[in-house]
Amino acid sequence: MKKAIIFDLDGVITDTAQFHFEAWKMLADSLGFKFDRADNERLKGVSRMDSLNIILEINNALDRFSPEEKEAMCKTKNDNYVELIGRLTPADILPGISELIDDAERHGVKTAVASVSKNASSVLSSLGLLHRFDYIADAKKITKSKPDPEIFSVCAEALGLEGKDCVGIEDSQAGIEAIHSAGMRSVGINVTVTSRKPDLELRSTKELTFDLVTE
């Protein structure tokens with residue numbers, strides 16, 4: 001049995017993807033840039049600045065702005081997002097997640113959140129889950145975006161475990177690659193597979209069970 005479950009946040013614990021899309025769309029529209037849902041798929045599991053650079057690349061504007069201007073754009077996007085996530089409540093926890101956390105706690109299996117979102121704590125607080133996890137990665141201290149394994153490796157280290165002792169749950173291809181690179185087993189939630197498959201492929205969080213994930 002695995003000793004820890006490491007959760008991604010967006011698309012696994014709750015679905016804030018729509019809010020991220022709306023926040024980036026508001027920024028893109030204000031700049032007169034193209035940005036649609038297909039483009040948004042490339043942003044899953046990617047840091048805020050890297051996401052902005054993808055949008056700029058799509059619009060052939062990668063070198064048009066200074067680092068200071070890019071930072072201002074990221075702040076505008078985040079301000080948009082923070083306003084939108086103010087709508088979240090515990091009712092927005094995805095099906096099966098609360099039960100999985102409860103079961104992990106009962107069996108002494110540790111839990112962590114590996115999200116590149118700098119708003120992870122705010123989101124978890126709105127969901128009533130902030131104090132349910134043994135560790136929440138500090139995105140401000142993570143230097144490399146998924147598919148780099150850094151954030152999952154940091155979580156395992158913080159829990160006092162090796163990668164082989166952990167299972168990660170993700171909804172993006174980049175996240176699955178990061179989990180495998182960290183030496184962990186992976187559970188994919190409705191992942192659009194373009195390279196390595198998750199060890200366990202599920203269509204939704206409704207299919208998650210403690211035994212299925214840990215064994």
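The report below covers the basis of the model, then the sheet, cores, salt bridges, cysteines and backbone.

## Basis

This is a predicted model: local features need pLDDT of at least 70, side-chain atom pairs count only at pLDDT 80 or more, and totals for chains, interfaces and linings use all residues. Residues are numbered from 1 along each chain as its sequence is written, and side-chain values use heavy atoms, with hydrogens and water left out.

Helices (H or I, at least four residues) and strands (E, at least two) are DSSP runs, numbered from the N terminus.

## Sheet

The model has an open sheet of 6 strands. Their order is β3-β2-β1-β4-β5-β6, and the pairing is parallel. Two strands count as paired if DSSP finds at least two bridges between them. β3 and β6 (200-202) are the edge strands, each pairing on one side only. In general, strands of a sheet pair through backbone hydrogen bonds, either parallel or antiparallel.

Strand β4 (residues 166-170) and strand β5 (residues 185-189) run parallel and are joined by 4 bridges. Glycine 168 has serine 186 in β5 as its bridge partner. Helix α5 lies across β1 (4-7), β2 (110-113) and β4. Its direction is at about 150° to β1. Such axes are lines fitted to C-alpha atoms, for helices over the stretch in contact, and the angles run from 0 to 180 degrees between N-to-C directions.

## Cores and a buried serine

A nonpolar core here is a set of buried Ala, Val, Leu, Ile, Met, Phe, Trp, Tyr and Cys residues joined through side-chain atoms within 4.5 Å. Buried means under 20% relative accessible area, exposed means over 50%, and partly exposed lies in between (1.4 Å probe, protein chains only). The largest nonpolar core has 33 residues. Ile5, Phe7, Ile13, Phe133, Ile169 and Leu208 touch the most other members. At least two residues of this core come from each of β1, α1 (17-31), α4, α5, α6, β4, β5 and α9 (210-214). Another core, of 20 residues, lies apart from it and includes Ala4, Leu161, Ile176 and Ala182.

Contact means heavy atoms within 4.5 Å. Leaving aside neighbours within four places in sequence, isoleucine 169 is in contact with residues including Ile5, Phe7, Leu100, Val187, Leu208 and Val213. Serine 51 sits in helix α3 (residues 48-58). Serine 51 is buried, at 2% relative accessible area. Beyond its neighbours within four places in sequence, serine 51 contacts Trp24, Leu43 and Val46.

## Salt bridges

How many salt bridges does the structure hold? There are 13 salt bridges. The rule asks for a side-chain nitrogen of Lys or Arg within 4 Å of a carboxyl oxygen of Asp or Glu. Aspartate 79 pairs with lysine 75, with the closest N and O atoms 2.9 Å apart. Both residues lie in helix α4 (residues 67-85), 4 residues apart, so about one helical turn separates them. Aspartate 79 is partly exposed at 39% relative accessibility, and lysine 75 is exposed at 53%.

Glutamate 105 and arginine 132 form a salt bridge, with the closest N and O atoms 3.9 Å apart. This pair links distant parts of the chain, 27 residues apart. Glutamate 105 is in helix α5 (residues 97-106), and arginine 132 is in the loop between α6 (120-127) and β3 (135-136). Lysine 164 and aspartate 165 meet at 3.6 Å, N to O. Lysine 164 is exposed at 51% relative accessibility, whereas aspartate 165 is buried at 13%. Asp8, Lys146 and Glu170 are linked in a network of salt bridges.

## Cysteines

The count comes to 0 disulfides, where a disulfide is a pair of cysteine sulfur atoms within 2.5 Å. Cysteine 166 is in no disulfide. Its nearest cysteine sulfur, that of cysteine 155, is 8.7 Å away. Cysteine 166 is buried, with a relative accessible area of 0%. Cysteine 74 is also buried, at 5%.

## Backbone

The peptide bond from lysine 146 to proline 147 is cis, with omega near 20°. Proline 147 lies in the loop between β3 and α7 (150-158).

Asparagine 60 is not a glycine, yet has a positive phi of about 50°. Asparagine 60 is in the loop between α3 and α4 and is exposed at 71% relative accessibility. Asparagine 190 also has a positive phi, near 50°. Asparagine 190 lies in the loop between β5 and β6 and is exposed, at 55% relative accessible area.
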